[in-house]
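Keep the sequence and the model side by side as you read.

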Amino acid sequence: MFGRRNRLQGRTDEQLLLMREAGLLVGRTLEMLASEVRPGVTTLELDRLAEEFIRSNGGIPNFQLVPGYSHTLCTSVNDEVVHGIPGPRVLEVGDIVSIDCGAEVSGWNGDAAFTAVVGGPEAGRPEDLALIAATEASLYAGIAAMEVAGRLYAVGDAVEASIEAAAERDGHVYGVIDEYVGHGIGTQMHMDPQIPNYAVRETGPKLVAGFTGAIEPMITLGSTDTKVLADDWTVVTADGSRAAHWEHSVAVREGGLWILTAIDGGKAALEANGAAYAPLDASG
């Protein structure tokens, strides 16, 4: 269903350290952008800030390497799920915006995303804040399910279980998008295998030490049905419900996990989810 079941390939320690450089640049870019998300800013202004930051720190915006795409970010607002194109849209108080960013450094790639309320949490609708929190929690649940000799599709099982628990707790209907999935990452941003964000009957290939993948649940406040706008990129919910998107690039290691795009390497989130933190160096 999701591609060949042949054995996954791992990265060497040297390659993982290079991927950490790319991942850390992505993490720092997103950290910078989080402080720039405010009422009155346009999505194109955010895109320009991201490109300048990545290039000034020795990276290449790898979204620009995707055929037909010319921006550094995808900026998806409100009912836009993924692949929103930066432009003249002005962000308003209470909007929710998902910012997806990638960078290539020395031939290796990082890819990550977050969702935030424009104007800060105090400006958000309660249901939007719950959606964002549930999506972020499902990301870390999915990541924590990864381990050497474990099955790749345990990620989707964990994401869906986390969302189901959140729906029961929050009293909301959450939809787990199944048309768009996570992916392997390395010398290219998008590589095999595909990594579903939802439970499937297959178990998937066994994870190996050094495997690197991008985990990225996309969750809605309604239906899972989507459509692509006339720009051939922007994916929106069919029912107009709002959506959230969180993503990290992750390395699976013998001793645990290393979140390559998290500034702290994922230490706090991994430990909170009962997973071992296993960076290659003490600095994370």
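Start at Thr 29, which is found in helix α1, residues 13–34. Helices here are DSSP runs of H or I with at least four residues, strands are runs of E with at least two, and both are numbered from the N terminus. The model is predicted: local features need pLDDT of at least 70, side-chain atom pairs count only at pLDDT 80 or more, and totals for chains, interfaces and linings use all residues. Residues are numbered from 1 along each chain as its sequence is written, and side-chain values use heavy atoms, with hydrogens and water left out.

Is Thr 29 buried or exposed? Thr 29 is buried, with a relative accessible area of 0%. Buried means under 20% relative accessible area, exposed means over 50%, and partly exposed lies in between, for a 1.4 Å probe and protein chains only. Leaving aside residues up to four places away in sequence, Thr 29 touches Ala 50, Phe 53, Ile 54 and Cys 101. Contact means heavy atoms within 4.5 Å.

Now follow α1 to its partner. The axes of α1 and helix α2 (residues 43–56) come within 10 Å and cross at roughly 145°. Axes are lines fitted to C-alpha atoms, for helices over the stretch in contact, and angles run from 0 to 180 degrees between N-to-C directions. From α1, Leu 25, Arg 28, Thr 29, Met 32 and Leu 33 make the contact; from α2, Leu 46, Leu 49, Ala 50, Phe 53 and Ile 54 do. An α-helix has 3.6 residues a turn, so residues three or four places apart point the same way.

Move on to α4. This helix covers residues 154–170, and its 17 residues should span 24 Å at 1.5 Å a residue. The expected span is 1.5 Å times one less than the number of residues. The end C-alpha atoms of α4 are 24 Å apart, which agrees. Just after α4, Gly 171 takes a positive phi of about 75°.

Which residues of α4 are buried? They are Val 155, Gly 156, Ala 158, Val 159, Ser 162, Ile 163, Ala 166 and Ala 167. Their cover includes α3 (126–144), β5 (175–176), β7 (191–195), β8 (212–215) and β9 (218–220).

Take α3 last. The axes of α3 and α4 come within 8 Å and cross at roughly 150°. That makes α3 roughly antiparallel to α4. Angles under 35 degrees count as roughly parallel, over 145 as roughly antiparallel, 65 to 115 as roughly perpendicular and the rest as oblique.
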